[in-house]
Amino acid sequence: MSGIRPSTDVDAERAPDAPGVPIRRVLKAYEQIAEQLRELIASGKLSPGERLPSEGNLARQFGVSRATVRESLRVLTAQNLIRTAKGSGGGSYVTLPTVDHLSEFLRANFDLLTASQDVSLDDFLEIRMLLEVPAARLAAERRDAGLLERLHAAIPEEPLKLTTQDQFVFNKSFHTIVLEAADNKLLYVSAQPIFSILQRALARSNLSAAFHRSINEYHRRITVAIGAGDADDAGEQMRLHLEQLHPEYQRVWRRTARTGRIG
């Protein structure tokens, strides 16, 4: 990259007390630098693996201090848009976030929203229903030869002989496979962190043997429907499965809300 020309584009807003007069929100210098670099990465002008100019060169090009550049690079690192290496081949290199990175980023932020009580249990349950029921339908429509084998492998034959932690490993694996089989990365990125937060809440509670048996029974029903290519039944069985979980989530949520730690 031969050089970077600082951008002056900022979203225009309207002054509330002076309609019709355009104003521009003043971004901090490090925000402007991070935004321009982000645009160059998103547009492909900076390619994955490409090394950015040194902090000193970027500081001279933008007319700011190295500390300001360093802060902008921290922002991009947190967004998984660059990685920093040390040593003889050190520097900042362009990267792109993976599906798993995006999913983990969302999960961490959902955790913060939950802790602040800005997101309710009903919000989580409703969005999970809106995401995983269509995922089951898509999995039935887009199933491949190996899907049924993977789903069956994620349903333990004797769940009550497993530890609670092992039971939840199987449970997470089953739902992850369904989401992957839907073959829609945006759906996967959206649904996976929701599922992880809710499952973590359940994993800390004492669940009955009957509860674990019912989970596996619904997983078998969903698998049969997906294997038959019956999208309607796959979606319906997933809906019934999630509804069956709601009372247990509500019980756990009420208890853990008192401790300030949910999920």
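What is the handedness of the crossing of α5 and α7? In this predicted model, the crossing is left-handed. Helix α5 (residues 121-141) packs against helix α7 (residues 164-181) at an angle of about 65 degrees, and their axes lie 7 Å apart. The two helices are therefore roughly perpendicular to each other, since angles of 65 to 115 degrees fall in that class. On the α5 side the contact involves Arg128, Glu132, Ala135, Ala136, Leu138 and Ala139, and on the α7 side His175, Val178, Leu179 and Ala181. Seven of these residues are nonpolar, one is polar and two are charged.

Twelve salt bridges were found in the whole structure. One of them pairs Glu55 with Arg70, with the closest N and O atoms 3.0 Å apart. Because Glu55 lies in α2 and Arg70 in α3, the pair ties together parts 15 residues apart in sequence. Glu55 is partly exposed, at 21% relative accessibility, as is Arg70, at 32%. Glu55, Arg66 and Arg70 are linked in a salt-bridge network.

Glu180 and Arg150 form another salt bridge, at 2.8 Å from N to O. Glu180 belongs to α7 and Arg150 to helix α6 (residues 147-153), the two being 30 residues apart.

How values were computed. Residues are numbered from 1 along each chain as its sequence is written. This is a predicted model: local features need pLDDT of at least 70, side-chain atom pairs count only at pLDDT 80 or more; totals for chains, interfaces and linings use all residues. Side-chain values use heavy atoms; hydrogens and water are left out. Axes are lines fitted to C-alpha atoms, for helices over the stretch in contact, and angles run from 0 to 180 degrees between N-to-C directions. Helices (H or I, at least four residues) and strands (E, at least two) are DSSP runs, numbered from the N terminus. Angles under 35 degrees count as roughly parallel, over 145 as roughly antiparallel, 65 to 115 as roughly perpendicular and the rest as oblique. A crossing is left-handed if the near helix is turned anticlockwise from the far one by less than a right angle, and right-handed if clockwise. Contact means heavy atoms within 4.5 Å. Ala, Val, Leu, Ile, Met, Phe, Trp, Tyr, Cys and Pro count as nonpolar, Asp, Glu, Lys and Arg as charged, and the others, Gly among them, as polar. A salt bridge is a side-chain nitrogen of Lys or Arg within 4 Å of a carboxyl oxygen of Asp or Glu. Buried means under 20% relative accessible area, exposed over 50%, partly exposed in between (1.4 Å probe, protein chains only).
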